[in-house]
Amino acid sequence: MSKKESAWTRFAAWVNGEHEPAESRLFSMGMGPRKERRPEITLPKREEKQRLHGFLSWYPVASAVIGVILVGILLATVLAMPSFGQVENPTNNEVPAHYLQHTREETGASNAVAGMILNYRGFDTFGESCVLFLAVSCVFILLLRDENNTSQKDLEQAQRREQRRKRRQDVILQEAARLLSPFILLFGAYMLLGGHHSPGGGFSGGAVLGGALILYASAFGQDAIRRFFNEKVYNTVRVIGLMLYAVLFGYYIFTGANGLENHIPLDYGGLILPIDIAVGLVVACTMYGFYAMFTRGEL
Amino acid sequence: MTLLEDILLLGLIVTAVAAPLCKRLMATVIVYMSFGLLMAVLWVLLESPDLAVTEAAVGVGVTTILFFLTLRRIHELKGTKDE
């Protein structure tokens, strides 16, 4: 047990950059022997000017030609495709007909798009949620300020910036945020909860929720939003969203997906509604996390 | 309705051409934002409101905010030079 613990502490120290692994040359960049510098080529000035002039004259022409060729290829492709919405199109086969007919009774969603992305293609959406989760985690790794990468000077600068922000608060922004952000939050919640029978759903509803949080934070500062949405709450919500999705969809798959018998009641959107909420939580946290990391490097 | 669609499509082309031609990066971001807004209205006219809502929220709102924050970080906006 003690050996395992010491291995764990060593690993943690290595992650924090305080401890070098035993085979340090495996992980550190080696310094090879210095290469001989090439003797500098000095063109005569006039010649260089001429060369530069020639380059600058053919560069726009070449880029324009390449762009026109690319646009031509794309336009030819679009024109060669079958026109939109025709009956004899190859995409108009029994698959979309089945989806349009049976979405309601198989998934409980009257919005066929929601039934498609959250139920039939649920794995796809799960992958996208994981991508968002990982993206915001990577931004955290790069930009989050903690005691290891913040110097005293940075802290003082941040404090000065905060004081400057407090000195000249934007009245228009604050009043607009005070008026608008409750309604934006309400609309986001409506889109989240009604995604199975009206346009909206997890991604757009979550983005609207995140937008409301961003508006509130940019108007009143992050101290105001930290009263109810600090780092602990943020991480909890984000992880719970993804885990909720994984557990629900895993349960759905293992009890028989795609119209097989399962125990999930299909009233009120069946599985779509909780999955929508889970995706919305992840997306809202992602949006707000990007904003917080880019502005101040802390939640 | 088709006249409105034509106007919107023309606006799409104009904004798409104008965005890279702007001298200031802030103007580029704003023109790109108007491109996204036109696109969102077009999605509604093309009967895909799901896409319209997502475009308006993500493409116009959050992307523009992130662009502005990046511009502030690289001191491209007016009055964001470090003292």
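## Close-up views of a predicted two-chain model

**View 1. In the helix pair formed by α9(A) and α3(B), the residues A:Ser204, A:Ala207, A:Val208 and A:Ile214 meet B:Val53, B:Thr54, B:Ala57, B:Val58 and B:Ile65.** Contact here and below means heavy atoms within 4.5 Å. Sorted by class, this contact of α9(A) with α3(B) comprises 7 nonpolar residues, 2 polar residues and no charged residues. In this classification Ala, Val, Leu, Ile, Met, Phe, Trp, Tyr, Cys and Pro are nonpolar, Asp, Glu, Lys and Arg are charged, and the others, Gly among them, are polar. Two packed helices are described by the angle between their axes and the distance between the axes. The crossing of α9(A) past α3(B) is left-handed, a term for a near helix turned anticlockwise from the far one by less than a right angle, whereas clockwise gives right-handed.

*Conventions for every view.* This is a predicted model in which local features need pLDDT of at least 70 and side-chain atom pairs count only at pLDDT 80 or more, while totals for chains, interfaces and linings use all residues. Residues are numbered from 1 along each chain as its sequence is written, chains are lettered from A and ligands numbered from 1 in the order in which they are written, and side-chain values use heavy atoms, with hydrogens and water left out.

**View 2. Chain A has 12 helices and 0 strands.** Helices (H or I, at least four residues) and strands (E, at least two) are DSSP runs, numbered from the N terminus. Of the 299 residues in chain A, 32% are buried; buried means under 20% relative accessible area, exposed means over 50%, and partly exposed lies in between, with a 1.4 Å probe and protein chains only. Contacts in chain A between residues at least 6 apart in sequence join residues at least 24 apart in 70% of cases.

**View 3. A:Ala109 occupies the loop between α4 (94-107) and α5 (112-120) of chain A.** A:Ala109 has a relative accessible area of 1% and is therefore classed as buried. Setting aside neighbours within four places in sequence, A:Ala109 is in contact with A:Thr103, A:Arg104, A:Gly115, A:His196 and A:Ile272. A:Leu273 lies 164 residues from A:Ala109 along the chain, and their C-alpha atoms are separated by 8.9 Å.

**View 4. A:Leu173 belongs to helix α8 of chain A, which spans residues 171-193.** With 31% relative accessibility, A:Leu173 counts as partly exposed. Its contacts, leaving aside neighbours within four places in sequence, are A:Leu215, A:Ser218 and A:Ala219. For A:Leu173 and A:Ser218, a sequence separation of 45 residues corresponds to a C-alpha to C-alpha distance of 8.5 Å.

**View 5. Chain B contains 3 helices and 0 strands, in the order α-α-α along the sequence.** Buried residues account for 30% of the 83 residues in this chain. Among contacts in chain B between residues at least 6 apart in sequence, 53% join residues at least 24 apart.

**View 6. B:Thr15 lies in helix α1 of chain B (residues 2-21), and B:Thr28 lies in helix α2 of the chain.** B:Thr15 has 12% relative accessibility and so counts as buried. Its side chain reaches the backbone oxygen of B:Gly11 at 2.8 Å. Such a polar contact is a pair of N or O atoms within 3.5 Å; within protein, one must be able to donate a hydrogen and the other to accept it, and residues adjacent in sequence count only if both atoms are side-chain atoms. Not counting residues up to four places away in sequence, B:Thr15 touches B:Val31, B:Ser34, B:Phe35 and B:Leu38. By the same rule, B:Thr28 touches B:Ala19 and B:Cys22.

**View 7. B:Glu47 is placed in the loop between α2 (25-45) and α3 of chain B.** Its phi is near 65°, a positive value in a residue other than glycine. B:Glu47 is exposed, with a relative accessible area of 71%.

**View 8. A search of the whole structure finds 0 disulfides over all chains.** A disulfide is taken as a pair of cysteine sulfur atoms within 2.5 Å. A:Cys138 is partly exposed at a relative accessible area of 43%, and B:Cys22 is partly exposed at 24%.
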